[in-house]
Amino acid sequence: MSERLDVEVLSRREELEALREPWSALWHRCPAATAFQRPEWLIPWCRALGPEDVLALVFRSDEGLVGLAPLAVHRIGDERVVALLGAGITDYNDVLAASGYERAVAGAALACLEERADAWDVADLHDLRASSPLLLAEAPPGWSDEVEKHEACPAVMIPEGVAPDELFPPGMRARVARARKRLARAGDLRLDVADAATVDELLDALFANHKARWRSRGEGGVLDEALRPFHREAARALCARGALRLFGLRLDGRIIASLYGFAERGGLASYITGFDPELAWYSPGLVMLASAIEHAAREGARTVDFLRGREPYKYDWGAVDRWTFRRRLRRRGAREPGREVEEGEGAVQAVMSGEASPEVGLVRLLGAAGDLEAAARAIDAAHVAHAAHAARPAAGEGEGERAARLEALRRCLDERRAACAIVAAMLGAHRDARAAGEDALGACRSAARLFDELCERSEEASVAAYSLGDPEILERATREVVELLERWGAIGEDRAILQIGCGIGRFEAALAPRVREAWGLDVSPRMIEAARRRCAGRSNVVLAVSSGVDLGDAPSARFDLVYAVDSFPYVVAAGAEVVDRLVAEARRALRPGGELVVLGYSYRGDPARDAADVARLAARHGFDILASGERAFSLWDARAYRLRKIEHR
């Protein structure tokens, strides 16, 4: 399979309509696609509700059509908003990508938006399922990126081989039986499923029953006159493809309840229901839904998806929430030359304002400046600028504190020059490794060699640059992390924990007395040797060298906590696939309800982008987010992310 894609941009609705048959063939090559990505749904939407101009991106490889991003640009207020077609009445939005092309198509779609950045202000991609390629694709540099939970879509699983009388929870089973008896006494009861000859009749009944039901509650419902032409065209087209499931429950020939849904991919999706409110005492809606679920089970369906909305009745059937997500992308102006100078000035100002400790600020400064002399010049320049500012009559209070913090920064550099030289070399080596463009395994091997060398020179500085080789500072930082884990309830005497990137074993030594067993993995053999010395005599500590791209032989479903302390930035630098794989590995290793804690996600200096990445990963791999970007430490500037494994996705 080649991931080289050719892109064609369709700007008119008619061009998209001309793609109908290849589009339909592509849909069948996309295992996760829903009815909402079919041309039979989106082309009627365009005709009835969409704009004349579209921004549909068509992707082809040497295998032919392999991807489609059906987009349009809408003006909402003063903003030009890119959105997927179908927005508003579509429960699941997404691109189409043939199997094996998901990453390539989503990445190419964002790259195309980057090339056309003058045509839009914000991309608002919502109603994305957790498996959507658009959640995984990394935003181009310079974009802001926000991901959040959007809508709950409760769904019921149908166990394989379940007997018909065991389809429903016991309480619901009894309710359905009573309702059916009442209706049977009232007349002849029959379930119809729409075909080409009856689709219009059943649609008319749905419109009438839905309208009557909502009017009885003093509300308008979601099938007003303006939407009916769209639904009629879509239902007819879906019926012709065998994907429509439009049910009518008849009592003596009269349709008293309706369900409009879709069937494909081994499931039934319930889109809209309605029933005659005059017969509410008979519970026709309950019987209608039970009959539809039984019909789906006979067809081999394994899920019943109630789609978006947390209406209480859905949970009576045993439904469990499955969430969709919203991703908002906004292109910012590219950073101009002189970035290193700006970052150096920012590091100094962070110390002067009290945002960062002198140790953390010094590491930031060394990373931006590149060497000790350049860092010293930046501090001297800040001294001169501050002295001039403080001498002005308009200078405010607090200038003395700012000067004292700046002096502490300079003293930190002067008193720890040897350690600073190691840190500067370490940061420079990391920059060089990233610039070399190594693949994931190559980057991990380079990191192992680098950390072996740094561990030989200074164990403390090699695992926490801001410690500047001082064991006391490192001990303070370690204590802060242990206290956070205790405060979160993430550790305990009955808990098994595993650390990704354990370094010299400082946390294994600190946590071993507090947990049942403590595992630590690292790419550096020298660091593992140092960790074993530090943890000698601890029978509940397991330490091993890892590849850096997985968790090796760590057992599945064994751990209550998988955590990473300042190691994820190197994972992020190795590439999105490595991050994705390690999070999947963490899920594998965790027990249901276990937690993944990441302290320090990246060194990019963009907290919003980090939080968006973590939200995407949580959505894709089945985690709830308990803490996102929390500032949890006084000495260290890392942000904390806390995720909990969801048992059922």
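Two strands pair if DSSP finds at least two bridges between them. By that rule, β8 and strand β15 (residues 323–331) pair in the antiparallel sense over eight bridges. The model is a predicted one, in which local features need pLDDT of at least 70, side-chain atom pairs count only at pLDDT 80 or more, and totals for chains, interfaces and linings use all residues. Residues are numbered from 1 along each chain as its sequence is written, and side-chain values use heavy atoms, with hydrogens and water left out.

**Overall make-up**
- The protein has 23 helices and 22 strands; helices (H or I, at least four residues) and strands (E, at least two) are DSSP runs, numbered from the N terminus.
- Of the 649 residues in the protein, 53% are buried (buried means under 20% relative accessible area, exposed over 50%, partly exposed in between, with a 1.4 Å probe and protein chains only).
- Among contacts (heavy atoms within 4.5 Å) with a separation of 6 or more, 74% join residues 24 or more positions apart.

**The sheet around β8 and β15**
- Five strands form an open sheet in the order β4-β5-β7-β15-β8, with mixed pairing.
- β4 (71–76) and β8 (143–152) are the edge strands, each pairing on one side only.
- From one strand to the next, the twist averages 25°.
- W143 has R331 in β15 as its bridge partner.
- Helix α23 (residues 607–621) lies across β8 and β15 and runs at about 35° to β8; axes are lines fitted to C-alpha atoms, for helices over the stretch in contact, and angles run from 0 to 180 degrees between N-to-C directions.

**Helix α6**
- The buried residues of α6 are M172, V176, A179, R182 and L183.
- Viewed down the axis of α6, these buried residues fall within an arc of 125°, so they line one face of the helix; the arc is that of the directions from the helix axis to the C-beta atoms.
- P170, K181 and R185 are exposed on the other side of α6.
- The buried residues of α6 pack against β10 (189–193), β11 (244–251), β12 (254–264), α9 (284–298) and α10 (312–316).

**Nonpolar cores**
- A nonpolar core is a set of buried Ala, Val, Leu, Ile, Met, Phe, Trp, Tyr and Cys residues joined through side-chain atoms within 4.5 Å.
- The largest has 85 residues, and W41 and Y260 have the most contacts inside it.
- Helix α4 (residues 102–115) supplies the largest share of this core, eight residues.
- Another core, of 31 residues, lies apart from it and includes A564, F568, A574 and A586.
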